[in-house]
Amino acid sequence: MMGMIRTAAGILALFWMCIIFAFSAQGEEESIAVSESFSYRMVRSADSFFGLNWEDEKLHQIAAQIEGAVRKAAHMAEFAILSILLYIWLGKWQFTTKKKALLAMIATALYAASDEIHQLFVPGRAGRFTDVLIDSAGAILGVLVFIGVERCISFLWNRRKYREIESS
């Protein structure tokens, strides 16, 4: 069963890399439109959730103010997901947790660098070293949080099994 999950994670990692590539292939105007639209929808949802009833102009103003941060957070999340998928896939081999994490982070950072190089050839886009650092930070955070959750679940599972054995 775990072998199938790990294989699926490898396939999903390849699929995810294609999605990242497709987003990077968008021209400047299309990329900006996507992030502005997403930022606006976030602000509009918050407005609705908290019952603020702000004017549409104010919603657009706030969306414009947070758009840069939303874009960077989205990049971090994209690469966090990729690193987690690679970490799971690397479980197919008998690597230590530390080695799997390191390999997943390095592979993701290399893909982030290749993604920025790709953007150099897309009209209106630029490849930035700072974006590689942001993407790599997402990869590191993703794997570390995943390992933390994995260990927490393992601890709780083992504690439950121990209590079942003890109560028998």
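Me: Which residues are buried in H4?

Reply: This is a predicted model, in which local features need pLDDT of at least 70, side-chain atom pairs count only at pLDDT 80 or more, and totals for chains, interfaces and linings use all residues. Residues are numbered from 1 along each chain as its sequence is written, and side-chain values use heavy atoms, with hydrogens and water left out. Buried means under 20% relative accessible area, exposed over 50%, and partly exposed in between (1.4 Å probe, protein chains only). In H4 the buried residues are Lys 100, Ala 101, Ala 104, Met 105, Thr 108, Tyr 111, Ala 112, Asp 115, Glu 116, His 118 and Gln 119.

Me: What covers the buried residues of H4?

Reply: Helices (H or I, at least four residues) and strands (E, at least two) are DSSP runs, numbered from the N terminus. The cover of the buried residues of H4 includes H1, H3 and H5.

Me: Which element has the lowest mean pLDDT, and which the highest?

Reply: pLDDT is the predictor's confidence in each residue, from 0 to 100. The protein chain averages 94, and 100% of the residues score at least 70. Among the elements of the chain, the lowest mean is that of H5 (92), and the highest is that of H4 (98).

Me: How many Å does H5 reach from its first C-alpha to its last?

Reply: The expected span of a helix is 1.5 Å times one less than its number of residues. H5 covers residues 129-167, which is 39 residues. Its expected span is 57 Å, and the model comes close to that, at 57 Å.

Me: Which helices do the buried residues of H5 pack against?

Reply: The buried residues of H5 are Asp 131, Val 132, Asp 135, Ser 136, Gly 138, Ala 139, Gly 142, Val 143 and Ile 147. Residues three or four places apart point the same way, because an α-helix has 3.6 residues a turn. The buried residues of H5 pack against H3 and H4.

Me: Which residues is Ala 80 in contact with, leaving aside neighbours within four places in sequence?

Reply: Ala 80 sits in helix H3 and is buried, with a relative accessible area of 14%. Ala 80 and Gly 142 are 62 residues apart in sequence, yet 4.2 Å apart in space, C-alpha to C-alpha. Contact means heavy atoms within 4.5 Å. By that rule, Ala 80 is in contact with Gly 138, Ala 139 and Gly 142.

Me: Is Leu 59 buried or exposed, and what does Leu 59 touch?

Reply: Leu 59 belongs to helix H3. Its relative accessible area is 4%, so Leu 59 is buried. Not counting residues up to four places away in sequence, Leu 59 touches Tyr 40, Val 43, Arg 44, Asp 47 and Trp 54.

Me: Which residues does Ile 66 touch?

Reply: Ile 66 is also placed in helix H3, but is partly exposed, at 27% relative accessible area. Not counting residues up to four places away in sequence, Ile 66 touches Ser 39 and Val 43.

Me: Which residues of H2 are buried?

Reply: H2 has 23 residues and reaches 33 Å, close to the 33 Å expected. What covers its buried residues includes H3. Those buried residues are Ser 31, Ser 35, Ser 39, Tyr 40, Val 43 and Asp 47.

Me: What phi does Asn 53 have?

Reply: Most residues other than glycine have a negative phi. Asn 53 lies in the loop between H2 and H3 and is exposed, with a relative accessible area of 66%. Asn 53 is not a glycine, yet its phi is positive, about 55 degrees.

Me: Which residues are closest to the centre of the largest pocket?

Reply: On a 1 Å grid over the protein atoms alone, a cavity is a set of points where a 1.4 Å probe fits but cannot get out, and a pocket is an open set with protein on both sides within 12 Å along at least five of seven lines; lining residues have an atom within 4 Å of a point. The largest pocket has a volume of about 390 Å³, the space filled by probe spheres set on the points, which are joined across faces, edges and corners. Of its 20 lining residues, the closest to the centre are Phe 23, Val 34, Ala 74, His 75 and Glu 78.

Me: Which helix supplies the largest share of the lining of the largest pocket?

Reply: H1, H2, H3 and H4 each supply at least two residues of that lining. The largest share, 6 residues, comes from H3.
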